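Trainee: Hi, could you walk me through this one?
Mentor: Happy to, let's look together.

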Amino acid sequence: MARKKSIDHTELLVLSLLSQQDMYGYQMIAELEKQSNRTFAMKEGTLYPVLHMLEHEGAVSSYRAAATAGKERKYYHLTQVGLTLLQEERAKWQAYSAAVNAVLQNAAGPA
C-alpha cells in the first residue's frame with residue numbers, strides 16, 4: 001500500500017526501536033522510555049494502533065514466540081518495507097530538526 005504522507009513521530013519512534021531488534025509491545029514501551037531518558041511514556045492505547053497500521057502497510061510483521069517466563073508474546077519485526085520507510089523518514093526528520101535548530105540558534109535572548 002503506497003503511503004501518501006510522511007509518518008508522524010510516533011511511527012518513526014516505533015520503526016526506530018524495531019530496527020534495533022524484534023520486540024513485543026510492553027518491551028517497546030519500556031525501551032522507548034529508557035532510550036529517551038523518560039521523555040516518551042507511550043501508552044498501549046497509542047502503541048497498538050500504530051503497530052496495526054504499520055503491519056497493514058507491510059512495514060512490520062508479527063509472530064508469536066515464548067518469552068523467558070514461558071508465556072507466549074506477540075513480537076513485531078521490521079520488514080524491508082519498514083526499513084526503507086525508516087531511512088526515508090529519518091532523513092526528513094533530520095532535515096526538519098536541523099532547520100528548526102538553525103532558526104532557534106538565531107533567536108534573541110538566552111538559550
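Here is our chat about the fold, the surface and the core.

Trainee: What kind of model is this, and how are residues numbered?
Mentor: This is a predicted model, where local features need pLDDT of at least 70, side-chain atom pairs count only at pLDDT 80 or more, and totals for chains, interfaces and linings use all residues. Residues are numbered from 1 along each chain as its sequence is written, and side-chain values use heavy atoms, with hydrogens and water left out.

Trainee: Which order do the helices and strands come in?
Mentor: Along the sequence the pattern is α-β-α-α-β-β-α, so helices (H or I, at least four residues) and strands (E, at least two) are DSSP runs numbered from the N terminus. In total the protein chain has four helices and three strands.

Trainee: How much of the protein chain is buried?
Mentor: Buried residues (under 20% relative accessible area, 1.4 Å probe, protein chains only) make up 30% of the 111 residues.

Trainee: And what about the largest nonpolar core?
Mentor: That core, a set of buried Ala, Val, Leu, Ile, Met, Phe, Trp, Tyr and Cys residues joined through side-chain atoms within 4.5 Å, has 21 residues. Val14, Leu15, Leu18 and Met28 have the most contacts inside it.

Trainee: Which helix gives the largest share?
Mentor: α1 does, with five residues.

Trainee: What does Met28 touch?
Mentor: Beyond its neighbours within four places in sequence, Met28 is in contact (heavy atoms within 4.5 Å) with Val14, Leu17, Leu18, Met23, Leu47, Leu51 and Tyr76.

Definitions and conventions:
Buried means under 20% relative accessible area, exposed over 50%, partly exposed in between (1.4 Å probe, protein chains only).
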